[in-house]
Every structure is written in structure tokens, then in C-alpha cells.
Amino acid sequence: MEVTSVTIVSTNLNKKILDKYRDYHVIDNSFKLEELLKYSKIIFFNVFNDLEKEKIKDIYNYLDSNKISYINVTNNIEEALLTKYLIVYDKENILIEGPVIEVLKNDKLLKRIGLSLPFIVELSLLLKDYGLVNEIFLNKESLAGALWK
Amino acid sequence: MEISKILNENELLGVISNYDTSFKIEGYVKDLNVKNILQALKMVLLDDTYLDKKIEDLTLNEQFKIDLMLKINKDIIIVGNLSKVLNYKDIEYFKKLFLKLNNDYHKKIVIIDRDVKVFFNLVKDMVVLKDKKIVYETKDFFDNELYQYTKIPPIIEFIKYLNSKNIKINKTVDIYELIKDIYRSVS
């Protein structure tokens with residue numbers, strides 16, 4: 001069975017969103033990694049705000065290796081780059097969903113509802129407009145590699 | 001708290017801390033003791049439909065706005081966790097509002113957050129607060145020691161990464177200035 005790995009970004013964090021995912025265990029406060037093993041499906045609700053992305057990646061790797069599905073609900077669009085699938089909520093309604101890069105290409109739509117883009121994606125898009133790169137990059141190493149070949 | 005000691009010199013102060021700024025008021029919005037409440041709601045991006053709502057039923061984003069509405073007439077305004085509860089557009093709006101309150105009404109404003117990005121183009125001084133004591137002070141967003149206490153914003157991480165590869169890019173927190181510099185560097 002495939003493990004779910006999803007980020008939900010919302011313009012107005014509201015726990016009503018969680019009603020759709022009743023079979024998931026909600027983590028909305030500090031937690032110990034080992035305690036996650038008790039569950040097969042977990043929703044993180046606005047808990048990674050203070051963490052470096054490397055630490056969030058470590059948590060996801062731990063869940064992946066233990067075949068635990070997870071959804072991360074956040075208002076921080078940077079966290080979207082850490083999963084492959086992204087759902088964007090405008091208040092309590094799904095606005096758009098799909099593979100992360102496809103969703104992030106809708107930059108005008110996202111900005112209209114008050115979201116920004118992840119920094120490296122926004123920089124890629126602006127540099128693409130100036131003809132300095134040809135595609136959207138998801139990490140600093142590949143963007144720098146494309147600019148300074 | 002030692003913050004009060006340095007407030008005289010720093011009228012817009014960024015505080016990096018886990019200090020609990022959660023909102024604890026309950027009841028209906030219309031029952032709050034606020035002068036010109038409709039105008040006050042508008043200032044914090046809420047409309048008159050909120051008058052009949054219970055504060056405890058509001059989202060974190062909305063509770064932040066109500067909390068700010070209650071503080072807006074004070075001489076010292078202390079707000080926290082913008083990055084945790086507000087979206088990008090709201091953060092940019094409130095940063096402009098804080099600058100206006102500071103410039104035009106000489107209010108002292110303390111912004112407590114774990115995300116340094118919130119302080120860009122807003123504060124000149126930052127302090128790190130641990131167990132209610134100031135453990136570090138800086139004015140420099142590119143100060144390496146600052147990021148021993150909190151996560152590094154992506155634009156600063158990117159510029160530091162380029163500099164580490166001997167690619168000369170100037171320090172900036174403005175994406176358009178960065179693009180100009182990249183253009184000069186690769187052309």
C-alpha cells in the first residue's frame with residue numbers, strides 16, 4: 001500500500017479542515033518521534049513552524065520508512081517543497097491540488113488568495129521572466145548550478 | 001522582562017523567542033471594550049460580521065487580529081507569532097501598519113516571532129530571548145550566530161550558499177535586488 005505524503009497549505013488555519021480526514025490522528029503540539037509509531041495515519045497541524053526543513057525531512061523519512069501516512073497542515077508555503085503532493089485551501093474550501101510543482105505554477109492564483117511562493121520557486125519564476133533560466137527549480141543547489149554553469 | 005529596558009532606544013524591536021503569545025479572551029466580539037469598534041475591526045482586516053462571532057470559535061488568524069485590535073491604542077504594542085497564524089498578504093499588511101503606527105503615532109512595537117523573515121524591512125534591532133533573558137542582540141540579518149537560535153530565511157540561506165561557492169552576491173533581503181545582482185554576475 002502506498003504511503004500518503006501531502007502538504008495542505010491554508011490561508012486561514014482552521015481545524016474544520018481536519019473534519020475531512022477523521023481517520024488520521026491529529027498532532028497539534030510538541031511530540032516525540034517514537035510516539036508516532038502508534039498510528040498508521042497522522043495529520044500535523046501547524047507544528048513545524050520552528051523547525052529547519054532538514055529536521056522536517058528527517059521526520060518524513062522516519063514516517064516513510066515505517067509506512068506511516070502523513071498530512072502536514074500549515075500556512076508556511078516553504079513546507080510544501082517537502083512532499084510531492086500539495087492541496088491549497090482558501091479558508092475551508094479546496095482551491096487547487098496536485099503535484100507540488102504543478103500547483104506552484106499557479107502563482108497568480110496563489111497570490112490572489114494571500115499566499116506567497118516558496119522563495120526558490122519565486123526566484124526561479126522571476127529569473128525565467130528575465131530569460132536567465134528555463135525552468136522552475138525546487139532547491140538552491142540546482143538553481144545555482146543552472147545559473148553558474 | 002528585560003525587553004522593557006531596551007525599548008526606550010528601540011522603537012521597533014524584533015524578538016526571537018518561544019514566548020507564549022496565545023490569545024486567551026473569550027466571549028462575543030461585540031462585547032469587547034473597544035472604541036469605534038467597526039473602524040477598529042476594519043483596521044485589522046475584519047468586517048462587521050465578526051461582531052456576532054464568539055472569539056473562541058475564530059481561527060488563529062482571526063484571533064490574532066482581534067488581539068491586535070485590543071492593543072492598537074496602547075503606547076507599547078506587543079504581538080507574537082505572525083508567521084505561525086497569518087498568511088503572506090496579511091503579514092505584509094501588518095508590517096506596513098506597524099511602520100505607520102511607529103512613524104506617525106510614535107508607538108513602540110515589539111514583534112515576537114521565530115521566523116526572522118517577519119522582521120525584514122521592519123525592525124532595525126533583534127534580540128533573542130531565552131527564559132525571559134536576552135541572550136543575544138544583533139542588527140544584522142546575515143549574522144551567523146543569530147541562526148544558532150532560529151531557522152535561517154531562504155533568501156539568506158541562498159546568498160550564503162552562493163558566497164560559500166565563491167559567487168559574489170551582495171547581502172540583501174530584497175528578492176529584486178538579488179535578481180539584479182544575479183543578472184550582473186551571470187552576464
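Which residues of the largest nonpolar core touch the most other members? They are Ile8(A), Val9(A), Phe44(A), Val88(A), Val15(B), Leu82(B) and Ile111(B), out of 74 residues in that core. A nonpolar core here is a set of buried Ala, Val, Leu, Ile, Met, Phe, Trp, Tyr and Cys residues joined through C-beta atoms within 7 Å. This is a predicted model, where local features need pLDDT of at least 70 and side-chain atom pairs count only at pLDDT 80 or more, while totals for chains, interfaces and linings use all residues. Residues are numbered from 1 along each chain as its sequence is written, and chains are lettered from A and ligands numbered from 1 in the order in which they are written.

**Chain B at a glance**

- Chain B comes to seven helices and five strands; helices (H or I, at least four residues) and strands (E, at least two) are DSSP runs, numbered from the N terminus.
- Follow chain B along its sequence and you get the pattern α-β-α-α-β-α-α-β-β-β-α-α.
- The C-alpha trace of chain B spans about 60 × 35 × 30 Å along its principal axes.
- Chain B is split into domain 1 (3–141) and domain 2 (153–187), with bounds that come from an automatic or database domain assignment.
- The centres of those two domains of chain B, taken over C-alpha atoms, are 31 Å apart.
- Of the 187 residues in chain B, 28% are buried. A residue is buried if 20 or more other C-beta atoms lie within 10 Å of its own, exposed if 12 or fewer, and partly exposed in between, with C-beta atoms placed from the backbone.
- Take the contacts in chain B between residues at least 6 apart in sequence, and 61% of them join residues at least 24 apart. Contact means that the C-beta atoms of two residues, placed from the backbone, lie within 7 Å.

**The sheet in chain B**

- Five strands of chain B make an open sheet in the order E2-E3-E1-E4-E5, with mixed pairing. Two strands pair if DSSP finds at least two bridges between them.
- Strand E2 (76–80) and strand E5 (133–138) of chain B sit at the edges with a single partner strand each, so one side of each has no neighbour in the sheet.
- On average, neighbouring strands of this sheet are turned by 25° against each other, direction ignored. Axes are lines fitted to C-alpha atoms, for helices over the stretch in contact, and angles run from 0 to 180 degrees between N-to-C directions.
- H5(B) packs on the sheet and touches E1, E2 and E3 of chain B, and its direction makes about 155° with that of E3(B).
- E2(B) and E3(B) run parallel as a pair over five bridges; Gly80(B) is opposite Ile112(B) in E3(B), and Ile78(B) has Val110(B) as its bridge partner there.
- E1(B) and E3(B) also pair in the parallel sense, over four bridges, and Leu12(B) stands opposite Ile109(B) in E3(B).
- E3(B) is mostly covered, with four of its five residues buried.

**Where the chains meet**

- The contact takes 25 residues from chain A and 25 residues from chain B.
- On the side of chain B that touches chain A, helix H3 (60–71), helix H4 (82–85), helix H5 (88–105), helix H6 (154–164) and helix H7 (175–186) of chain B each supply at least two residues.
- H6(B) gives the largest share of that side, six residues.
- Sorted by class, that side of chain B has 14 nonpolar, four polar and seven charged residues. Ala, Val, Leu, Ile, Met, Phe, Trp, Tyr, Cys and Pro count as nonpolar, Asp, Glu, Lys and Arg as charged, and the others, Gly among them, as polar.

**Two loop asparagines in chain B**

- Most residues other than glycine have a negative phi.
- Asn36(B), not a glycine, has a positive phi of about 45°. Asn36(B) lies in the loop between strand E1 (12–16) and helix H2 (37–43) of chain B, and is exposed, with 9 other C-beta atoms within 10 Å.
- Asn121(B), also not a glycine, has a positive phi of about 55°. Asn121(B) is in the loop between strand E3 (108–112) and strand E4 (125–130) of chain B, and counts as exposed with 10 C-beta neighbours inside 10 Å.

- Leaving out residues up to four places away in sequence, Ile8(A) touches Ile17(A), Ile71(A), Asn72(A), Val73(A), Ile87(A) and Tyr89(A).
- Leu104(A) is in helix H2 (residues 100–104) of chain A and is buried, with 25 other C-beta atoms within 10 Å.
- Leu104(A) touches Leu117(A) and Val121(A), again not counting residues up to four places away in sequence.
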